[in-house]
Amino acid sequence: MHFLFLSRTFESTTMKKEILFCYLFLVGGFLKAQIPDWSTSIAPLFYANCTSCHNPNGIGHFSLLTYNNAILYAPTIRNVVEFRKMPPWPANPEYRHFKDEALLDSLEIIAILAWIDNGLPLGDTSLAPPIPSYAIGGSLLDTIHHTIQIPPYTIPTNARCIIILRFTPDFKIQFM
Ligand code: HEC
């Protein structure tokens, strides 16, 4: 039997109980046949929530595109998913919701934890979705309306950086 300690980050007791219950139920053996595997559960979940950054050309410093890549990071993935550090979404969903917010729901978190705790099953690879491809320096936006060239800039090794330029008052940024 596995135990899950979620109390540090979950402000909602209901959600905490719900996750704990579902998780114990899942790993307790009732749903042995339905333990999430890479091919049918985890790959689709990672492709929808993680690989836009965690691909060889992305800002995440390792790729989660393939099973062999992903299992190397299983213990860290477990931690960041359990404590909702990834996908990065600093806004508090208990307080307010945003359009296109990048959050895993309770069942997705349970699926990832159960996959890791049950030995990272691969499943039937013929059922796995195609591996998405991402262009070098590619944008995640469907349409780019405006591109700006900035002077070369060195980002310090231990920092991440977003540069916001000054625009005329009639120029509005919707996405970046
Ligand atoms: C918006 C981009 C983005 C998305 C989406 C994203 N990540 Fe990350 N992830 C990053 C970046 C950037 C880092 C490096 C963070 C740092 O160095 O502090 C990172 C770091 C990590 C780490 C290493 C953490 C550590 O402490 O070393 C793991 C594991 C991880 N991500 C897993 C995931 C998983 C699993 C998902 C999807 C559920 C995901 N990430 C979604 C950008 C992203």
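A residue is counted as near a molecule if its C-beta atom, placed from the backbone, lies within 6 Å of that molecule. Around the ligand there are 18 such residues, of which Cys 50, Cys 53, Gly 60, Met 86 and Pro 87 come nearest. The model is predicted; local features need pLDDT of at least 70, side-chain atom pairs count only at pLDDT 80 or more, and totals for chains, interfaces and linings use all residues. Residues are numbered from 1 along each chain as its sequence is written.

The protein chain has 5 helices and 0 strands, where helices (H or I, at least four residues) and strands (E, at least two) are DSSP runs numbered from the N terminus. Helix H4 (residues 74-82) supplies 4 residues to the shell around the ligand, the largest share.

In H5 the buried residues are Ile 109, Ile 110, Ala 111, Ile 112, Leu 113, Ala 114, Trp 115 and Ile 116. Just after H5, Gly 119 takes a positive phi of about 85 degrees.

Notes: A residue is buried if 20 or more other C-beta atoms lie within 10 Å of its own, exposed if 12 or fewer, and partly exposed in between; C-beta atoms are placed from the backbone.
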